[in-house]
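Please open the model in your viewer with the sequence panel beside it, and keep a selection tool at hand. The tour below goes stop by stop, saying what to select and what is found there.

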Amino acid sequence: MPATKKRELDLKEFPPGTITEYTTLVCLACIFDIFTKQLGLAPRTAFSEVKRHTPTIEELTSRTATRPYFDSEEKSPHCPYCGSAKRWLARFDTFCIEGGKTTDRPRRALLKKLPRTDEQFLVIEKKSDSRAVFFEWLDTLRGNLDLDEESWLIDATRMYLERREPKTNWDEAFEELRAVRRSSRLNEGWERDGARLFLAPSLYSEALLIQYLVSRSHAHGGLTLEGRLTLMDLIRRLRYSGYLDQIGVTEREPGEVFEKLIDHLASTHEWSSVSIAAKRKVSTGSGSDRVTATKKVTSKNSTKKAAQKSSKSRKGKPVQPEPDAISTEPVKLHYLVDRRDFLEKVKSVYAAYAG
């Protein structure tokens, strides 16, 4: 749920798309009633127990909140379970930070600035994988877009590019932009021409795929810059553009092709540091999830053999590019839980019960 935060955290150093924010409300009247009326505890004992309470990650981030937690769009919400007013309600703000070399430095810098007294902030780590993180990002992207507005296609393209290349100044690239087009002369990257942004074929293909995933439905397919496409239409376009060959997808069955496409996008969650042709491995020796390219060392003999092999291959059929190695990578998620509002409200509620 959206909420007006009185004490915002400084998150501008984090690349766009690497943090997911969650806000949920908890009814302290419901909690105190359980401790004092049902369990028979004294208000002071109940206060001590409630103060130490920290919700689970599932309770803080679930799409469907359960009692005593709930979501509300109202400025002055009421508890849906007992009807308590705003003064009895506390807010938890949770920030999910994706582990990786683009977020390690700003995350550590942020944690150093936070107060350490009274457990105002808690950090909970959770192991996940790149596919699950990708779908969570996609779900958040869908929730932030208004699919009834024509501009959402450009907005979705921008959010994708921000996540793919976080160091680029996309504010300038998208200022007063009116259209996104596929470039017929760029092999990689992008360029701005007037009010139009031209993307290299691979970038444009991935933008179409993101748009399809955001807007797809079982009956009518997904809306993209190329119009509304069914899965068959999308795959046909990606195959014709050479994108499937570029990333090494050789399957023919639409469902298998679709799964490979998802795995490819998900396996490069730090897109800005991974090239398409690079084989990837994960190093977690420093406690982060880093994506690095393996280096291939060649000797004179191996070079000679490779040249002989290349000479022989030229006599036969053309050599195809090596397929991209697609795999799901482990990702560490860091959940930063802001308990400040909760702690303040617990004190005021305790005063009401003790009085």
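**Before selecting anything**

This is a predicted model, in which local features need pLDDT of at least 70 and side-chain atom pairs count only at pLDDT 80 or more, while totals for chains, interfaces and linings use all residues. Residues are numbered from 1 along each chain as its sequence is written, and side-chain values use heavy atoms, with hydrogens and water left out.

**The whole chain**

Show the chain as a cartoon: it has 13 helices and 12 strands, where helices (H or I, at least four residues) and strands (E, at least two) are DSSP runs numbered from the N terminus. Of the 355 residues in the chain, 42% are buried; buried means under 20% relative accessible area, exposed over 50%, and partly exposed in between, with a 1.4 Å probe and protein chains only. Among contacts (heavy atoms within 4.5 Å) between residues at least 6 apart in sequence, 65% join residues at least 24 apart.

**Helix H1**

Select residues 28-38, which are helix H1, and look for its buried residues Leu28, Ala29, Cys30, Ile31, Phe32, Phe35 and Thr36. Their cover includes strand S1 (19-27), helix H2 (43-51), strand S3 (89-98) and helix H13 (340-354). After H1 comes glycine 40, with a positive phi near 75°.

**Helices H5 and H8**

Next select helix H5 (residues 130-144) together with H8; the two pack at an angle of about 70°, with their axes 9 Å apart. Axes here are lines fitted to C-alpha atoms, for helices over the stretch in contact, and angles run from 0 to 180 degrees between N-to-C directions. H5 and H8 are therefore roughly perpendicular to each other, on a scale where under 35 degrees is roughly parallel, over 145 roughly antiparallel, 65 to 115 roughly perpendicular and the rest oblique. On the H5 side the contact is made by Phe134, Trp137, Leu138, Leu141 and Arg142, and on the H8 side by Ile210, Leu213 and Val214. By class, this contact has seven nonpolar, no polar and one charged residues; Ala, Val, Leu, Ile, Met, Phe, Trp, Tyr, Cys and Pro count as nonpolar, Asp, Glu, Lys and Arg as charged, and the others, Gly among them, as polar.

**Aromatic rings**

Now show the rings of Phe134, Phe135 and Trp137, which form one aromatic cluster. Rings of Phe, Tyr and Trp (its six-membered ring) pair if their centres lie within 6.5 Å, and planes under 30 degrees apart count as stacked, over 60 as edge-to-face and the rest as tilted.

A search of the whole structure finds eight aromatic pairs. One of them is edge-to-face, formed by tyrosine 212 and phenylalanine 258, at 6.4 Å centre to centre with 75° between the planes. Tyrosine 212 lies in helix H8 (residues 201-215) and phenylalanine 258 in helix H11 (residues 254-267), so the pair ties together parts that are 46 residues apart in sequence. Tyrosine 212 is buried at 5% relative accessibility, and phenylalanine 258 is buried at 10%.

**Loop residues**

Select proline 68, in the loop between helix H3 (57-61) and strand S2 (69-70); a cis peptide bond joins arginine 67 to this proline, with omega about 10°.

Which loop holds glutamate 119? Glutamate 119 sits between helix H4 (104-113) and strand S4 (121-129), has a positive phi near 50°, and at 46% relative accessibility counts as partly exposed.

Finish at glutamate 176, in the loop between helix H7 (170-173) and strand S5 (179-182), where phi is positive, near 55°, and where 68% relative accessibility makes the residue exposed.
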